[in-house]
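Please keep the sequence and the structure in view while reading.

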Amino acid sequence: MSKKRKKQPIKPAQIALTAVLAIAAAASTGMLANSKSLIEDSRYNDILKMDTIYNNVFINNYEVGGLTREQALEKLTREQQEGKFEKKVINLQIPYGGMNDFIPVTYKECGMKYNYAPEIEDAYNVGRKGSKKERIAAIEELESKGEFFTSEYSYDRDMIIETLKTHESEINSYYSNGEKMDVEATADMIVGMLEIDAYDSGIDIPTIKE
């Protein structure tokens with residue numbers, strides 16, 4: 001016959017030690033959680049104080065995150081406006097010429113330019129509205145979602161007219177039947193191309209009788 005082992009009574013000292021260890025473990029966990037929370041709060045406090053656009057924000061598909069408003073304007077002007085936009089052209093087809101006989105009119109000559117200011121301000125304000133909790137949520141959302149803005153561009157019809165006048169004598173020299181370039185109508189056609197950003201397009205020059 002097997003004998004049942006008698007349970008050893010738990011001494012009060014053991015009970016006290018166990019309680020102390022449990023309290024210590026709980027305190028340690030609480031201190032760790034508080035420490036993490038303090039670190040997290042400190043990190044977000046630094047982020048919330050930043051004077052730059054938050055990450056993963058784009059204007060016209062150019063990332064401006066991490067830049068001040070002034071730096072964003074400088075980047076967009078340098079890389080898009082001057083680097084690409086101003087180099088686009090509308091081609092004036094030379095009368096009675098071949099497919100490759102044209103006079104290019106650049107976007108710059110047409111006064112084409114972006115107005116970046118409103119979108120830069122909108123980009124800067126992402127994550128800067130509402131309570132601290134709402135701001136943090138908006139900033140965190142940028143990491144997975146991103147924010148995209150599109151700037152509008154404009155042109156100067158008076159500059160287009162002046163540019164056409166610099167080519168007027170050359171273009172008119174190709175006509176021999178009393179025709180000449182209709183400057184106003186040609187400007188209207190260029191405007192139509194600019195409205196839809198149809199760069200590298202060619203237009204047949206409208207004429208009027210002298």
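Leaving out residues up to four places away in sequence, Ala123 touches Ile53, Val57, Ile59, Val64 and Phe149. The model in which these contacts are found is a predicted one. Its chain has six helices and ten strands, and 34% of the 210 residues count as buried. Among the contacts in the chain with a separation of 6 or more, 67% are between residues 24 or more positions apart.

**Ala123 and helix α3**

- Ala123 belongs to helix α3, and it counts as buried because its relative accessibility is 0%, where the cut-off for buried is under 20%.
- Although Ala123 and Tyr54 are 69 residues apart in sequence, their C-alpha atoms are 8.1 Å apart in space.
- Helix α3 spans residues 117–125, and its buried residues are Glu119, Ile120, Ala123 and Tyr124. Viewed down the axis of α3, these buried residues fall within an arc of 140°, so they line one face of the helix.
- In general, an α-helix has 3.6 residues a turn, so residues three or four places apart point the same way.
- The buried residues of α3 are covered by elements that include strand β1 (57–59), helix α2 (69–82) and strand β6 (147–149).
- After α3 comes Gly127, which has a positive phi, near 85°.

**Thr52 in the loop between α1 and β1**

- Thr52 lies in the loop that runs between α1 and β1, and it is buried because its relative accessible area is 16%, which is under the 20% cut-off.
- Thr52 and Thr68 are 16 residues apart along the chain, and their C-alpha atoms are separated by 4.4 Å.

**The largest pocket**

- The largest pocket holds about 170 Å³ of space, and its lining is formed by Arg43, Tyr44, Ile47, Met50, Tyr54, Asn55, Ile139, Glu140, Leu142 and Glu143.
- Helices α1 (12–49) and α4 (132–145) each supply at least two residues of this lining, and α4 gives the most to it, with four residues.
- Sorted by class, the lining of the largest pocket has six nonpolar, three charged and one polar residue.
- Tyr54, one of the lining residues, is the residue whose C-alpha atom lies 8.1 Å from that of Ala123.

**The largest nonpolar core**

- The largest nonpolar core has 44 residues, of which Ile59, Val64, Leu92, Ile160, Leu164, Ile190 and Leu194 touch the most other members. Helix α6, residues 183–195, gives the most to this core, with five residues.
- Two of these core residues, Ile59 and Val64, are also among the residues touched by Ala123.
- Leu164 is in contact with Leu92, Met181, Val183, Thr186, Ala187 and Ile190, leaving aside its neighbours within four places in sequence.

Terms used: Residues numbered from 1 in each chain as written. Predicted model: local features only at pLDDT ≥ 70, side-chain atom pairs only at ≥ 80, totals over all residues. Heavy atoms only, no water. Buried < 20%, exposed > 50% of the residue type's maximum accessible area, 1.4 Å probe, protein only. Arc of directions from axis to C-beta. Contact = heavy atoms within 4.5 Å. 1 Å grid on protein atoms, 1.4 Å probe; cavity = no way out; pocket = protein on both sides within 12 Å on 5 of 7 lines; lining within 4 Å. Points joined across faces, edges and corners; volume = space filled by probe spheres on them. Nonpolar A, V, L, I, M, F, W, Y, C, P; charged D, E, K, R; others polar. Core = buried A, V, L, I, M, F, W, Y, C linked by side-chain atoms within 4.5 Å.
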